[in-house]
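Trainee: I would like to learn how to read a few local features from a set of coordinates. Could we work through one example?

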Amino acid sequence: MTRLSGSFFFTLREEPAEAVAISHRLLLRAGYIRPVFGTAGLYTYGPLCLRVLEKIQGIVREEMDATGAQECLLPQLHPAEMWQESGRWAVYTSDGTMFTVSDGTREYGLGPTHEEAVCDFVRGTLSSYRQLPFQLYQIQTKFRNEKRPRFGLIRAREFIMKDGYSFHDSEASLDKTYWQMHQAYTQIFKRIGLNFRPVEADSGAIGGSGSHEFMALADIGEDTILYCDQADYAANVEKALSFPPDAIVNENPGDFQKVATPGIKTVEEQAKLLKIDLTQIVKNVLYMITFSKGGTKPCLVSIRGDRQVNETKLKNHLDALDLRMATEEEVLEITNLKPGYLAPDIAIEKCIRRADKTIESLAHFSTGANENGYQVINAQWDVHYPLPQVVDLDTAQEGDFCHLATDAPLMSARGIELGHIFKLGTKYSKSMKVEFSDEKGKLQPVIMGCYGLGISRVPAAVIEQNAWHDEAGLIWPIAIAPYTVILVPANVTEEAQRTCAEKLYLELTSQGIETLLDDRDERAGIKFKDADLIGIPYRVTIGRDLKDGLVEIKNRKSGELHKIAPEEVFKFLRERLSTI
C-alpha cells in the first residue's frame, strides 16, 4: 500500500530562488527533484519523478518495439581510442563537452552519445547483407559538460536519453526506417499529451545527410522554429530557408564615391548618416574558421545590411570543425582596419570569400571603403568589386516569405528539443570499419540512422506548456502521471474516513488504477494543497460528506467537482479513463 505517512515525501512552501523556469520551480517545490550538493545541472529524481520517467520510458519502449527495434544496453565509460577512430575525440574534448577520466594508463570519456559504442558492438558480428536491416536502441544515462546548465531538467549535465541506431545496406532501406521512426516519435509525443512540431534541422556534431527535430512548443524554449502552415513547412532557425523581403531600390543613384563616416560602429549608424536604407548596404563580416584536418583560415562573408549570417550554414558549407567571428583586435591585426570599414575585396592572405544570396542582385550599394572612417556609395558588382561565390548564408526570420509558398510569410515559435532523428549514412561506419559483404561478396560500409529522445527532459517540457500547470502546481497528463488518483481522508483520525479510504484504495488498486493514499495526520488544507501541487489527475476526498454517504472527486485539470457514493467511485473513474 502506497501511504504518504510511510513515504519519503516533502513539498516546499517557498519559491526556490535559483529556479527561473516554471518547470524547474514546480518540480523542486513538489519534491520531484533535488539538486545534488548544490551543483547546477545535477539532480536526484525522487520517487514521484521516477514514476513519471518510468511511464515515459514505457511509452517509448512500446513504440520502439512496435517498429521492430531491439533494446540493448551500451557502456557509459568509453575508451578514448574508440572515439579517436571516429575522429570525434578531439571535437568533444577540445571544447570540454565530454567528461574525461583516467585510470593512470588510459583515458576514457563518459558517453555524451553512443554512435562509437554501437559501431564497436556491431562490427564484431556483422558480416553479410542478409543480416540487414536491423535496429538497436537503449535507454541510458548520458553526460555532457554543459557550460550553462539551466532550466532544471531542460539543460542538465547528466540526463536520461533513449538513443537508437539502425543499420542498412541501401539508402532506400535507411529512408524507410527514418520515416518509420518519424511516425513513431510523432506517436510517442501524442500519447504523452504534448503540443509539438517536427521540424527540419541541422545535424550538428552528430553529422549525416538529413535530420528532423521534435520540438515541444513553449515560451522558454531555447530554439526558434520558423513555420508556414500553408506549405506544411517547419524548420529550426539554423536550417530554415526563406525569401527575405526585397531590398529598397535606389531610384536616383549618383556616382560611385568615397564618403567620410567617422566613428560609426554599426550598419544602423551607417544607414542613418548616409540617409540610405539598411537593405542598400553590404556588410562584410570576418570569421576565423578551424578545420578538422587542422589549421585556421579567415573567411570574409558579405551579406545585406539588414540580415544576419547563419553561422551553422557557414560551418556546414565549409565543412568546418568550428568557427567564430573575429574579434576587433584580430580584424585590426589581419586587415589594419576597424570592423565596419572592410570592403568585399579587402586584401587578406589566404582568405576564403563568400557572399550571401541577398546581395547578388544589389545595385548601387554602400559598403566599406577599406579605409578607416570611410564608406563608399553607389558601388556595383563586377564594376567596382568582384562578386564572391554566392551561397545561402542568411538567417531566416519571421516575416520572410516561405520558400515553398512565396506569398506566405513565415511565422515563429519557441521550442524545446525533445527528439532528433538523423540519416547518418556512412559517417561512422567508414571510419570505424563497420562493413558487410554485399550480394557480390564485396565489402561495403554499412549505412546508418540515429534516433535520440530526451527522456528526462520530457517532464519539464510538459510542465512548460500552459495546459499542464497552473498557480496551484503541476497538472500531469494521465499517460505519465505518477499516480492516477490520490485519496485524501480529510481527518485521518476519524475511523469512518480512514476505513473508507483504505477500502477505496484496495478496490482501485486491485482494478489497476494507480492510487496514492494520503493518510498523514495533517490538516485537510495542507493535504489539498499538496495534492494540487504534485499534480495527480484525480483527487478523491473522504470528508464530512461521508455522513451523507458521499465522497468528493475533483478533476485536477478542469477543476470539476462531483459528489458520489464511495461504491460508485471505481465506475466513475473507469468511464473517464476509458475515453483517454
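Mentor: We will take helix packing, cysteines, a strand residue and some backbone details in turn. Keep in mind that this is a predicted model.

Trainee: How are the packed helices H12 and H14 arranged, and what is the angle?

Mentor: Two packed helices are described by the angle between their axes and the distance between the axes. Here helix H12 (residues 495-510) packs with helix H14 (residues 569-577) at an angle of about 40°, and the axes lie 10 Å apart. H12 and H14 are therefore oblique to each other. Their crossing is right-handed.

Trainee: Which residues of H12 and H14 meet?

Mentor: From H12 come Leu504, Glu507 and Leu508, and from H14 come Val569, Phe570 and Leu573. The residues of this contact of H12 with H14 divide into five nonpolar, no polar and one charged.

Trainee: How many disulfides are there?

Mentor: A disulfide is a covalent bond between the sulfur atoms of two cysteines. The cut-off is a pair of cysteine sulfur atoms within 2.5 Å, and by this rule the count is zero. Cys228 is in no disulfide, and its nearest cysteine sulfur, that of Cys402, is 3.8 Å away. For Cys351, the closest cysteine sulfur is in Cys299, at 6.3 Å, which is too far for a bond.

Trainee: Are Cys228 and Cys351 buried or exposed?

Mentor: Residues under 20% relative accessible area count as buried. Cys228 is at 2% relative accessibility, so Cys228 counts as buried. Cys351, at 17%, counts as buried too.

Trainee: Where is Leu418 placed, and what does Leu418 touch?

Mentor: Leu418 sits in strand E23 (residues 411-425). With a relative accessible area of 3%, Leu418 is buried. Leaving aside residues up to four places away in sequence, the residues that Leu418 touches include Phe189, Leu194, Phe214, Gly452, Arg457 and Ala461.

Trainee: What should I look for in the backbone?

Mentor: Check omega and phi. A cis peptide bond joins Leu132 and Pro133, with omega about -5°. Pro133 is found in the loop between helix H5 (115-123) and strand E7 (134-143).

Trainee: Which phi do Phe151 and Asn336 have?

Mentor: Phe151 has a positive phi of about 60° although it is not a glycine. For Asn336, also not a glycine, phi is positive at about 60°. Phe151 lies in the loop between E7 and strand E8 (158-168), and Asn336 in the loop between helix H9 (328-335) and strand E18 (352-356). Phe151 is buried, with a relative accessible area of 15%, whereas Asn336, at 61%, counts as exposed.

How values were computed: Residues numbered from 1 in each chain as written. Predicted model: local features only at pLDDT ≥ 70, side-chain atom pairs only at ≥ 80, totals over all residues. Heavy atoms only, no water. Axes fitted to C-alpha atoms, helices over the stretch in contact; angles between N-to-C directions. Helix = DSSP H or I, 4+ residues; strand = E, 2+ residues; numbered from the N terminus. Parallel < 35°, antiparallel > 145°, perpendicular 65-115°, else oblique. Left-handed = near helix turned anticlockwise from the far one by under 90°. Contact = heavy atoms within 4.5 Å. Nonpolar A, V, L, I, M, F, W, Y, C, P; charged D, E, K, R; others polar. Buried < 20%, exposed > 50% of the residue type's maximum accessible area, 1.4 Å probe, protein only.
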